[in-house]
Amino acid sequence: MSDLAIRGGKPIRAASWPRWPDFDTDTERTLCEVLASGRWSLSGPNKAEKSYEQRFSESFSRYIGLPFCVPTANGSSALTTAFGALGIGYGDKVLVPGLTWVACASAVMRSGATPVIVDVHPDTLCISGDAVESALKSHSVAGILLVHLYCNPVDIQRFTRISIANRIPLIEDCSHVHGACFEGKKAGSFGRISIFSMQQTKLLTSGEGGAALTSDPDLYNRLQQLRADGRIYTEVPELDKLDIIEKGDVQGCNHSLSEFHAAILLDRLKVLDSENERRSKSAKKLNGLLREVDFASSLDRNKEADSPSYYKYCIKFDMKRFPGVRIAKLAEALSLELNIQISPIYPALSKNRLFKPSKFFRLPAHRRPVCPRLPIAERASEECVGLPHNALLGTSYDLQKIVEAIKKVHDGRLELSAF
Ligand SMILES: *Cc1c(COP(=O)(O)O)cnc(C)c1O
């Protein structure tokens, strides 16, 4: 009889973990400044200083190393404005990785375009170059959505070659990799447009939030209008007047980020690098600790030269060593041993119950998403779990506890298969 926490036994680690989302007195002060300022939105009156939305935009674009950034209400709206700016819409097809958050596919559909879902690479779980090249043979494609998944970068060099050879723009979804550097460049500097989500669980967050970045001034102009009903900032702001003006080159929508959200992001950006460093150090240690375990391994494929970031620390289990156990049960058992939410990774889009385009859109057959079986993505989602990134903000002792919990759950595997 094992004493698994899931069966009422004593957990390996009952104490709480570092708080997420986190804030400090600066964050509180900044929020109060917005409250009192009389400007809660980019469509509020100018108050002598630049809006927080503009200040965040400037800081974040400087941080990523691109000239232009348009903050948005969330990552999904960053995606739809990105597609809109690139002119991707009705009748167009966009390649989307088979393993990602459902918004990547649904945002394509909201733009009027058709997602063509392709399988992922078994090592990184990011979109597969082979799968993309084979999809390009049978589909005429207007864009390729790249997602750096959990902590691993997509094969940047290969996709850059594919993009140039086929003249197809890359849209780079960096919602998992705020501040990461791959091949000496910040994540976000590889696509025609890169987008970020700043939703609650992400590495930089204001609860809800997003951004789209580019180095192309025309795309920037369109992105701005698409997110603020056709309006852009004026170059000559006047006190107490609106400092956004009606441009109307393109039909937009309201996807604007509020001043409160922008203020939080501006404040939290200052700790992102130090948090990323702490998480990277922990991930390296955990990679080492996991090498001692022969039924579980890290999915971290970063090279020494990279400075990755860890939205989730993913662990792959050899499920043959857990006969009869489902990954959801294994994740639940680990969560209870460690007092932190550990979940299976995303289900493959081909099996994702949230991806139900036919329930929402009345689509003619030729515009329905193309979603074949995805053997690699489907298999991965049955053998991998993700630890939330605040687990990497703890101590070395915490990391040992994680590995202890994994061993304990393996010892108790027979009981896990019983229910
Ligand atoms: C979170 C996320 C999104 C969507 O962002 P929201 O802010 O929730 O709209 C898009 N892509 C990826 C990869 C994400 O993880």
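Leu226 touches Thr81, Gly84, Ala85, Val250, Gln251, Gly252, Cys253 and His255, leaving aside residues up to four places away in sequence. Contact here means heavy atoms within 4.5 Å. The model is predicted: local features need pLDDT of at least 70, side-chain atom pairs count only at pLDDT 80 or more, and totals for chains, interfaces and linings use all residues. Residues are numbered from 1 along each chain as its sequence is written, and side-chain values use heavy atoms, with hydrogens and water left out.

Leu226 sits in helix α7 (residues 217-227). Helices (H or I, at least four residues) and strands (E, at least two) are DSSP runs, numbered from the N terminus. Leu226 is buried, at a relative accessible area of 11%. Buried means under 20% relative accessible area, exposed over 50%, and partly exposed in between (1.4 Å probe, protein chains only). Pro18 is 208 residues from Leu226 in sequence and 38 Å from it in space, C-alpha to C-alpha.

Next come the helix pairs. Two packed helices are described by the angle between their axes and the distance between the axes. Axes are lines fitted to C-alpha atoms, for helices over the stretch in contact, and angles run from 0 to 180 degrees between N-to-C directions.

Helix α3 (residues 75-85) packs against helix α4 (residues 103-110) at about 45°, with the axes 9 Å apart. That makes α3 oblique to α4. Angles under 35 degrees count as roughly parallel, over 145 as roughly antiparallel, 65 to 115 as roughly perpendicular, and the rest as oblique. From α3, Ser76, Leu79, Thr80 and Phe83 meet Ala103, Cys104, Ala107, Val108 and Arg110 of α4. By class, the residues of this contact are six nonpolar, two polar and one charged. Ala, Val, Leu, Ile, Met, Phe, Trp, Tyr, Cys and Pro count as nonpolar, Asp, Glu, Lys and Arg as charged, and the others, Gly among them, as polar.

Why is α4 largely enclosed by the rest of the structure? Six of its eight residues are buried. They are Ala103, Cys104, Ala105, Ala107, Val108 and Met109. Just after α4, Gly112 takes a positive phi of about 90°.

Helix α2 (residues 52-64) and helix α8 (residues 259-290) form another pair, with axes that come within 7 Å and cross at roughly 25°. That makes α2 roughly parallel to α8. The α2 side of the contact is Tyr52, Glu53, Arg55, Phe56, Ser59, Phe60 and Tyr63. Among the α8 residues in the contact are Ala262, Leu266, Leu269 and Asp273. The contact of α2 with α8 has ten nonpolar, two polar and four charged residues.

Now the cysteines. The structure holds zero disulfides, a disulfide being a pair of cysteine sulfur atoms within 2.5 Å. For Cys104, the closest cysteine sulfur is in Cys174, 11 Å away, too far for a bond. Cys104 is buried, at 3% relative accessibility. Cys32 is partly exposed, with a relative accessible area of 47%.

Backbone details remain. A cis peptide bond joins Trp20 and Pro21, with omega about -5°. Pro21 lies in the segment before α1 (25-37). Arg167 is not a glycine, yet has a positive phi of about 50°. Arg167 is in the loop between α6 (156-166) and β5 (170-173), and is exposed at 77% relative accessible area. Glu183 also has a positive phi, near 50°. Its loop runs between β6 (181-182) and β7 (185-186). Glu183 counts as partly exposed, at 38% relative accessibility.
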